[in-house]
Amino acid sequence: MTEDELYARLKAFEGRPAATAAQGRDPVNQPMIRHWCEAMGDTNAAYTGPDAIAPPTMLQAWTMGGLSGHSNGAGRSTAQDELFALLDGAGCTSVVATDCEQEYLRPLRPGDTVTFDAVIESVSPRKTTKLGTGHFVTTRTDVRANGELAGTHRFRILKYAPAARPEPQGEQGDPKPLRPRPVINRDNQGFWEGVRRHRLLIQRCTACAALRFPWLPGCNHCASPDWDTVEASGAGTVFSYVVMHHPPFPAFDPPYAVALVELAEGVRMISNITGVPYDKVRIGMPVQLEFLRVDDDLELPVFRGSEA
Ligand code: ZN
């Protein structure tokens with residue numbers, strides 16, 4: 001099959017349904033809203049109390065079937081499976097989600113029954129990306145609450161054939177690649193100046209005293225552009241973490257732990273944990289700031305943990 005023939009067959013899927021008259025697994029409900037808000041750290045008062053609405057960005061959550069899928073398969077169409085099988089057959093066996101757009105027409109409220117229809121909206125011509133060449137597939141889901149259109153959710157993926165990997169570096173005596181340099185601009189240069197002097201500086205709004213990190217031009221609480229800094233004591237705890245196994249990045253040796261550290265001052269920052277093996281990092285672990293000399297030109301604030 002030539003590229004043109006393949007694309008003609010892919011285009012024929014545009015407009016075909018991916019789901020028809022499908023049912024949300026649960027009605028809109030306060031417990032799911034509360035879990036979402038806690039996970040997002042969203043304390044907006046609109047999402048609690050007797051007149052609560054659901055956070056608009058939860059739109060897709062109400063349409064998801066969970067790990068076990070939708071119990072009865074109702075509303076499911078085979079068009080998307082057929083499209084993916086065609087792409088798989090053309091070598092586009094990998095998939096990555098690229099972006100999502102949502103449009104909100106009316107708020108969802110606890111008790112609303114959710115139904116939805118999904119359509120394969122577009123399939124792009126073959127595109128070459130850094131990951132490989134393939135086709136972007138956009139699916140639009142119209143979400144209804146009690147039968148009334150409440151919002152649309154557009155989800156775009158790239159189905160692609162992975163690009164050939166470059167030969168691994170460093171095995172023929174090549175110098176190991178350097179870690180990426182921080183992008184220093186006028187909004188964050190004070191932070192990096194602090195790092196050079198082995199001081200971890202947190203921005204403080206001089207109008208409302210709210211601390212913020214990372215550095216930003218304005219205050220999240222009161223929008224004031226005026227600020228000074230406070231120096232972090234260096235004490236913190238691991239608020240959350242991931243262990244990076246894949247993909248490998250030059251200059252990094254997986255597996256390694258990347259932690260979200262909550263500083264004693266209350267702000268959080270992302271950094272590496274040193275002093276303990278990656279598989280011994282735990283949520284709640286006390287850590288202490290130190291400065292790691294990475295190479296001749298780069299020093300980074302990291303956090304040292306200890307196995308209790
Ligand atoms: Zn402020």
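Predicted model: local features only at pLDDT ≥ 70, side-chain atom pairs only at ≥ 80, totals over all residues.
Strand β7 (residues 201–205) pairs with β8 in the antiparallel sense over 2 bridges. Gln 203 has Arg 212 of β8 as its bridge partner. Pairing requires at least two DSSP bridges between two strands. Strands (E, at least two residues) and helices (H or I, at least four) are DSSP runs, numbered from the N terminus.

Residues are numbered from 1 along each chain as its sequence is written. Local features need pLDDT of at least 70, side-chain atom pairs count only at pLDDT 80 or more, totals for chains, interfaces and linings use all residues, and side-chain values use heavy atoms, without hydrogens and water.

The largest nonpolar core contains 27 residues. Such a core joins buried Ala, Val, Leu, Ile, Met, Phe, Trp, Tyr and Cys residues through side-chain atoms within 4.5 Å; buried means under 20% relative accessible area (1.4 Å probe, protein chains only). Leu 200, Leu 263, Ile 273 and Phe 303 have the most contacts inside this core. At least two residues each come from α4 (189–196), β7, β11 (256–263), β12 (268–274), β13 (286–295) and β14 (298–305). The largest share, 4 residues, belongs to β11. Domain 2 (183–231) and domain 3 (235–308), bounded by an automatic or database assignment, both contribute, so this core lies between them.

A second, separate core has 17 residues, including Leu 6, Ala 18, Ala 79 and Leu 86.

Conventions
Buried < 20%, exposed > 50% of the residue type's maximum accessible area, 1.4 Å probe, protein only.
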